[in-house]
Amino acid sequence: MTNEQLQQLTEQWSKDYFHQVFNHRVYFNRRLQTTGGRYHLSDHHIDINPKMIDEFDLDNLRGVVLHELCHYHLHLSGQDYHHRSPEFKLLLHQVGGARYAPATVSVKTRQSKKIIYQCLKCHATIIRKRHFNTSRYVCSRCGGHFKLISTS
Ligand SMILES: [Zn+2]
Ligand SMILES: [Zn+2]
């Protein structure tokens, strides 16, 4: 999807769901990693993580855009635009915006489990996704046994 298509969709969704015009800019921003989108108070533009459409679908993109539009419309009408405000929660609920962006592949990978073992003999460390039996599995470098260092 192009920025221009995103712009058109956002303008349309603003009319359909908020009955108000969106007359600022919205862009895909690849630098967004963990968030689905961001509304900028300074110049009222919105950034959207392109993974919200690349890894998910149009419904998901709409949920994320509607979330940012809640910040946008509340801010421009002088209301409390913060996540914790009752106005924000009510508006988000009314338009059916997403409360949280779904975890992208890169976020999931980062969040996935890391189990670290260290060889007792040569002190080499290895990272595994699953636990293994330390009495059976030995170090390929020196034949030493491993001990569990940390689980995250
Ligand atoms: Zn938000
Ligand atoms: Zn070793």
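Reply: Here is the sheet, then its helices, then its setting in the chain.

The model is predicted: local features need pLDDT of at least 70, side-chain atom pairs count only at pLDDT 80 or more, and totals for chains, interfaces and linings use all residues. Residues are numbered from 1 along each chain as its sequence is written.

The sheet is open and has 3 strands, in the order 1-3-2, with mixed pairing. Strands here are DSSP runs of E, at least two residues; helices are runs of H or I, at least four; both are numbered from the N terminus. Two strands pair if DSSP finds at least two bridges between them. Strand 1 (26-28) and strand 2 (37-39) are the edges, each pairing on one side only. On average, neighbouring strands are turned by 15° against each other, direction ignored.

Strand 2 pairs with strand 3 (residues 46-48) in the antiparallel sense, over 3 bridges. There, Tyr-39 stands opposite Ile-46 of strand 3.

Now the helices. Helix 1 (residues 3-18) lies across strand 1 and strand 3 and runs at about 140° to strand 1. Helix 3 (residues 58-76) also packs on the sheet: it touches strand 1, strand 2 and strand 3, and its direction makes about 10° with that of strand 2. Contact means heavy atoms within 4.5 Å. Axes are lines fitted to C-alpha atoms, for helices over the stretch in contact, and angles run from 0 to 180 degrees between N-to-C directions.

Last, the setting. The protein is divided into domain 1 (3-108) and domain 2 (113-151), with bounds from an automatic or database domain assignment. Their centres, taken over C-alpha atoms, are 45 Å apart.

Key:
Chains lettered and ligands numbered in written order. Heavy atoms only, no water.
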